[in-house]
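I opened this one for a quick look through the fold. My notes are below, in the order I looked things up.

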Amino acid sequence: MKNPNKVAVVFTGGTISMKIDPRISAAIPALSSEEIMSMVTNIDKYADIEIVNFDRIPGPHMTPKKMMKLSKLVKKLILREDITGVVVTHGTDSLEETAYLLDLTINSTKPIIIVGAMRNSSELGYDGSSNLSAAICTAISEQAKNKGVLIVMNNELNAASEVTKTHTLSLDTFKSMEFGPLGIVDNDEVIFYRDITKHAHIETATIETNVDLIKTAVGMDARLIKYCVDSGAKGIIIEAMGRGNVPPAMVEGIQYAIDHNVIIVMVSRCPMGRVLDTYGYEGAGRHLRNLGVILGGNLPGQKARIKLMLALSITKERKIIKEIFEKDFYR
């Protein structure tokens with residue numbers, strides 16, 4: 001009897017596709033998509049699998065342009081009537097950035113799941129097959145519809161807009177630190193405990209890659225910001241201190257960027273909490289916002305950068321980009 005569910009599994013690479021090369025005693029991309037799927041036992045009882053080979057690269061080799069190419073592929077797959085959901089395997093180092101880009105650029109009711117592994121296939125306790133089976137179970141779940149892009153790792157369900165990699169080694173590295181997971185996968189059953197009410201969407205087929213990210217630290221000045229501007233940056237994300245404040249010597253660079261029509265979006269280097277113009281001293285949030293700095297909510301720097309890249313692909317108007325970032329979050 002024909003299985004009612006069909007899941008497209010798009011392979012991009014990452015640790016899930018790696019094993020140890022004895023010549024160099026280090027993990028490299030080696031497994032084929034068929035070899036990986038062969039380890040996901042009994043999955044045919046739940047869904048028919050269509051393998052799609054996109055790439056076989058480690059997470060740090062992913063680029064914004066490849067992300068957009070992947071987005072276009074997933075859009076085509078998700079529009080097919082025979083496809084119940086799409087699963088994308090990915091290297092964990094950049095997984096959250098690709099997941100967030102897909103979440104922003106694809107507006108679909110069908111489940112889109114991103115999955116990876118923390119241990120390669122040569123290690124004891126390889127988690128690739130179990131993560132992949134949980135991802136496929138989520139992709140065919142009615143409960144997973146209209147949830148945006150989800151990350152399934154270690155039997156937890158997290159939203160692409162909330163999750164981040166928190167540990168270099170741990171299997172439960174992907175966490176939504178501020179709000180917790182949306183749900184779990186238990187005994188092949190998908191269980192949601194909460195939902196997210198706001199789903200941002202940016203309709204674009206292109207991406208502006210000239211966006212830089214600068215992390216603030218004690219005593220920093222304007223040099224890095226000016227260098228980015230002079231090197232052709234169209235936008236800069238500033239990971240500010242605390243609630244959204246920078247050393248006063250950085251202000252000159254921020255003003256320089258704004259005077260050169262470079263968009264500045266400010267987020268916090270803190271792992272939780274949003275930025276707000278609470279303080280009014282030199283270099284503080286109110287001062288910077290009055291200069292024209294846009295507030296980036298509770299996004300980490302790497303996700304704010306993805307969002308600004310996409311926003312700049314559709315407009316260079318600061319007022320419109322401010323609306324994209326601050327709507328529903330700031331007065």
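**Ground rules.** I am working with a predicted model, where local features need pLDDT of at least 70, side-chain atom pairs count only at pLDDT 80 or more, and totals for chains, interfaces and linings use all residues. Residues are numbered from 1 along each chain as its sequence is written, and side-chain values use heavy atoms, with hydrogens and water left out.

**Whole chain.** I started with the secondary structure and got nine helices and 16 strands for the protein chain. Here helices (H or I, at least four residues) and strands (E, at least two) are DSSP runs, numbered from the N terminus. The radius of gyration is 21 Å, close to the 20 Å from the globule rule for 331 residues, so the chain is as compact as a globular protein of that length. For that I took the radius over C-alpha atoms, and the rule is 2.2 Å times the number of residues to the power 0.38. The C-alpha trace spans about 65 × 45 × 30 Å along its principal axes.

I then checked burial, where buried means under 20% relative accessible area, exposed over 50%, and partly exposed in between (1.4 Å probe, protein chains only). Buried residues come to 52% of the 331 in the protein chain. For contacts (heavy atoms within 4.5 Å), I looked at pairs with a separation of 6 or more: residues 24 or more positions apart account for 73% of them.

**Helix 9.** Which residues of helix 9 are buried? I found Ile-321, Phe-325 and Glu-326 in this helix, which covers residues 318-326. Seen down the axis, they fall within an arc of 115 degrees, so they line one face of the helix; the arc is that of the directions from the helix axis to the C-beta atoms. These buried residues pack against strand 15 (263-268), helix 7 (285-291), strand 16 (294-295) and helix 8 (301-314). Just after helix 9, I noted a positive phi of about 75 degrees at Asp-328.

**Ile-112.** This residue sits in strand 6 (residues 112-115). Ile-112 is buried, at a relative accessible area of 3%. Leaving aside neighbours within four places in sequence, I listed its contacts as Val-74, Ile-78, Val-86, Ile-106, Gly-148, Val-149 and Leu-150. I also took a distance to Lys-319: Ile-112 is 207 residues from it in sequence and 32 Å from it in space, C-alpha to C-alpha.

**Thr-173.** Is Thr-173 buried or exposed? Thr-173 is buried, with a relative accessible area of 0%, and its place is in the loop between strand 9 (164-165) and strand 10 (174-175). Beyond neighbours within four places in sequence, Thr-173 is in contact with Met-118, Thr-164, Lys-165, Thr-166 and His-167.

**Two asparagines with positive phi.** Asn-155 has phi near 65 degrees, a positive value in a residue other than glycine. I placed Asn-155 in the loop between strand 7 (149-153) and strand 8 (156-159), and it is partly exposed at 40% relative accessible area.

Asn-261 also has a positive phi, about 60 degrees, although it is not a glycine. Where does Asn-261 lie? I found Asn-261 in the loop between helix 6 (251-259) and strand 15, and at 68% relative accessibility it counts as exposed.
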